[in-house]
Amino acid sequence: QSFREHYAFFQQRDIDWEDLVGTAREYLENETNDASLEDVVMELLSATQDIHVSVEFLGGETHYAKMFPAFEKLALEWTSQPQISDSEGAAAVPSADAYFFQQLGAWLLIVESYLDDNLLRGDNDALYWGKFRHANVGYICFLNMDPDDGAATEAELVNAMSTLHDADSIIFDVRINSGGSDEVSLFLTSLFASEEFGAYSKQAVIPNTSTASTPPTFTEPYSITVEPSDNPDLAFSGKVVVLASESTVSAGEVFALAMKNLPQVTLMGHNTQGAFSDMLDRQLDNGWIVTLSNELYRDPEGVAHEVVGLPPHIPIEAELLPLGERQNGEDSWIVAALEELEVPLPTMSPTDGATGTPTPAPTDDVSTDAPTTAPTSAASDIVHSFSIKHFVGVLSCGTVLMIHALA
């Protein structure tokens, strides 16, 4: 009933909700235990393939309808390498979760290799930044828009923006961003705005009293505007390239949507996830809590990008975090952004890039040794710190639905 009344995207996702619910009820006529009910509900919600759809059972375990795309990619990559996923030796990686964090760490080390002094600074939470060693170009990466310690992240952002204030341009990387608060996204956008502008509008579903096949009606649009930052030490007026992908989710997409309006900004990469809506939570009679998407975001031209994602100005052909690039210590997305900014590309020496092969290739004759050379910077601390604290909700999504993706 909650989905019938409030879910906004049955038509866009080509879902016959009434038929799915009817099938589920028929099955449950002969299966009345709690485990069967939980399984049916998870299967029913997974049909939406909406990363904002979830159910929290009484024990506190939360199940999401769709995996975080970067996790799904790396989980499949992990299972394709039995020398690490089925091994008990030194090269073994015990779980898809561990492999996901290991490979994000390898990626950060590669990004770091392009930067001045091979140094990626950060708050060990959401924000990582540096400056390219071969050009007057800054680099900022936000892995989420919901930092654990907002004050610490704000202080690190002040440090980053004041240091990069005189840069010619900035690459702002949100291609791996699990979302969070729209307010954080809009605040970040304000640092690059020279005047007030309309970023997007949003509408909520008016509760549907008919069937789910009836297209929803919405409230009047509410316009969201961005004003320039009133702190001149944080403002930046140079060119900006924003890197985004299918793993740019929710508030990460809102940042890309708002930034795309600015004339000095070029959005590069892949379409974003297409999950802009806030999560509406509803408690069921049995105490379970479900979340769903009930809002429609539109850009200033009135176009909605839910489900299909926000398209970039300039597509990047390479997939997100390609295995071969991680093995070779390369990041073609960074190179593409630098080329767009018309700055010289770095000359990479054999000791630059990754500290070794970050992961074994999916063949039996490739070395499975993990990287052994630790950089003399904060990168190691960054890797260990964010791997513990972040993507917890994202991974619960992946862990639950692993049976569907990896069977």
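This is a predicted model: local features need pLDDT of at least 70, side-chain atom pairs count only at pLDDT 80 or more; totals for chains, interfaces and linings use all residues.
I'll start with the cavities. The structure has 3 of them at 30 Å³ or more. The largest cavity comes to about 70 Å³. Its lining consists of W107, I110, R175, L321, P322, E325, R326, E330, D331 and W333. Sorted by class, that lining has 5 nonpolar and 5 charged residues, and no polar ones. Two helices, α6 (96–113) and α10 (323–328), each contribute at least two residues to the lining.

Now the rings. We describe a pair of aromatic rings by the distance of the centres and the angle of the planes. There are 15 aromatic pairs in the structure. Take Y7 and F9: the ring centres are 6.1 Å apart and the planes are at 90 degrees, so this pair is edge-to-face. Y7 and F9 are both buried. They also belong to a cluster, in which ring pairs link F3, Y7, F9, F10 and W17.

A second pair to look at is F172 with F192. Here the centres are 6.0 Å apart with the planes at 80 degrees, so the pair is edge-to-face. Where do F172 and F192 lie? F172 is in strand β6 (residues 169–173), while F192 is in the loop between α8 (182–190) and β7 (197–206), so the pair ties together parts 20 residues apart in sequence. F172 is buried, at 0% relative accessible area. F192 has 2% relative accessibility and counts as buried because the cut-off is under 20%.

Last item, a charge and a ring. The charged end of R121 sits over the ring of W129, at 5.1 Å from the ring centre.

Terms used: Residues are numbered from 1 along each chain as its sequence is written. Side-chain values use heavy atoms; hydrogens and water are left out. On a 1 Å grid over the protein atoms alone, a cavity is a set of points where a 1.4 Å probe fits but cannot get out, and a pocket is an open set with protein on both sides within 12 Å along at least five of seven lines; lining residues have an atom within 4 Å of a point. Grid points are joined across faces, edges and corners, and a volume is the space filled by probe spheres set on the points. Helices (H or I, at least four residues) and strands (E, at least two) are DSSP runs, numbered from the N terminus. Ala, Val, Leu, Ile, Met, Phe, Trp, Tyr, Cys and Pro count as nonpolar, Asp, Glu, Lys and Arg as charged, and the others, Gly among them, as polar. Rings of Phe, Tyr and Trp (its six-membered ring) pair if their centres lie within 6.5 Å; planes under 30 degrees apart count as stacked, over 60 as edge-to-face and the rest as tilted. Buried means under 20% relative accessible area, exposed over 50%, partly exposed in between (1.4 Å probe, protein chains only). A charge sits over a ring if NZ of Lys or CZ of Arg is within 6 Å of the ring centre and within 35 degrees of the ring normal.
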